[in-house]
Amino acid sequence: MSPHFTVNINQFNTGDRKAFDGVYRYYSRALQHFAFSYVHDWGVAEEIASDSMLKLWRNRERITTAQQIKAFLYIATRNACIDNIRSSSKLPTAKLSEDIKDLFKEEPEVYNRILYIELLQQIEDVVEKLPSSQQTVFRKSVIEGKTTHEIVSETGMTESSVFVQKSKALTTLRRLLKNSFLFLLWVS
């Protein structure tokens with residue numbers, strides 16, 4: 001997730017597909033990770049993120065700033081996740097805030113999740129530049145939270161190879177993300 005993303009709000013409001021496509025490319029993966037942090041199912045997370053984008057498209061005329069796009073998407077995604085969990089009878093019904101500032105006051109962990117997801121997006125952008133074996137090991141160990149044994153079982157690599165690939169990936173990430181404020185918070 002590049003910190004230099006901009007969108008022409010006027011074009012976005014009038015339904016310009018290029019403007020919306022830019023928003024979609026910028027936020028879709030982060031929203032999927034955000035949704036996954038609630039529902040723990042990638043298929044459901046992808047569907048929720050897509051639904052949030054569709055809701056944004058349908059409500060685009062009401063958006064006046066790029067910050068409102070971000071707020072709308074994260075609130076819509078969070079609410080959809082909670083609805084999904086409720087429908088699975090895992091969470092009691094609660095009144096939900098529609099304002100992102102109120103949301104952060106009521107539930108500060110949501111803000112932490114958003115920061116974490118934005119960090120994951122920055123990391124993912126760099127991970128895509130790594131050799132494929134490093135990408136695989138890093139994604140499985142850090143992003144998916146799998147153990148070395150699980151990675152060995154899934155990839156056929158040896159334990160030492162998994163450790164080496166993970167170490168190389170982390171070294172490269174530290175070097176490439178050394179100026180990222182979110183990354184510095186994560187490794188400290």
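Which residues form one aromatic cluster? Phe12, Phe20 and Trp57 do, in a predicted model where local features need pLDDT of at least 70, side-chain atom pairs count only at pLDDT 80 or more, and totals for chains, interfaces and linings use all residues. Residues are numbered from 1 along each chain as its sequence is written, and side-chain values use heavy atoms, with hydrogens and water left out.

**Aromatic pairs**
- Rings of Phe, Tyr and Trp (its six-membered ring) pair if their centres lie within 6.5 Å, with planes under 30 degrees apart counted as stacked, over 60 as edge-to-face and the rest as tilted; by this rule there are six aromatic pairs.
- Phe20 and Trp57 have ring centres 5.0 Å apart and planes at 70 degrees, so this pair is edge-to-face.
- Both Phe20 and Trp57 are buried, meaning under 20% relative accessible area, where exposed is over 50% and partly exposed lies in between (1.4 Å probe, protein chains only).
- The rings of Tyr26 and Tyr27, with centres 4.8 Å apart and planes at 90 degrees, are likewise edge-to-face, and both residues are buried.

**Charges over Trp57**
- A charge sits over a ring if NZ of Lys or CZ of Arg is within 6 Å of the ring centre and within 35 degrees of the ring normal; the charged end of Arg17 sits over the ring of Trp57, 5.3 Å from its centre.
- Arg60 also lies over the face of Trp57, at 3.9 Å from the ring centre.
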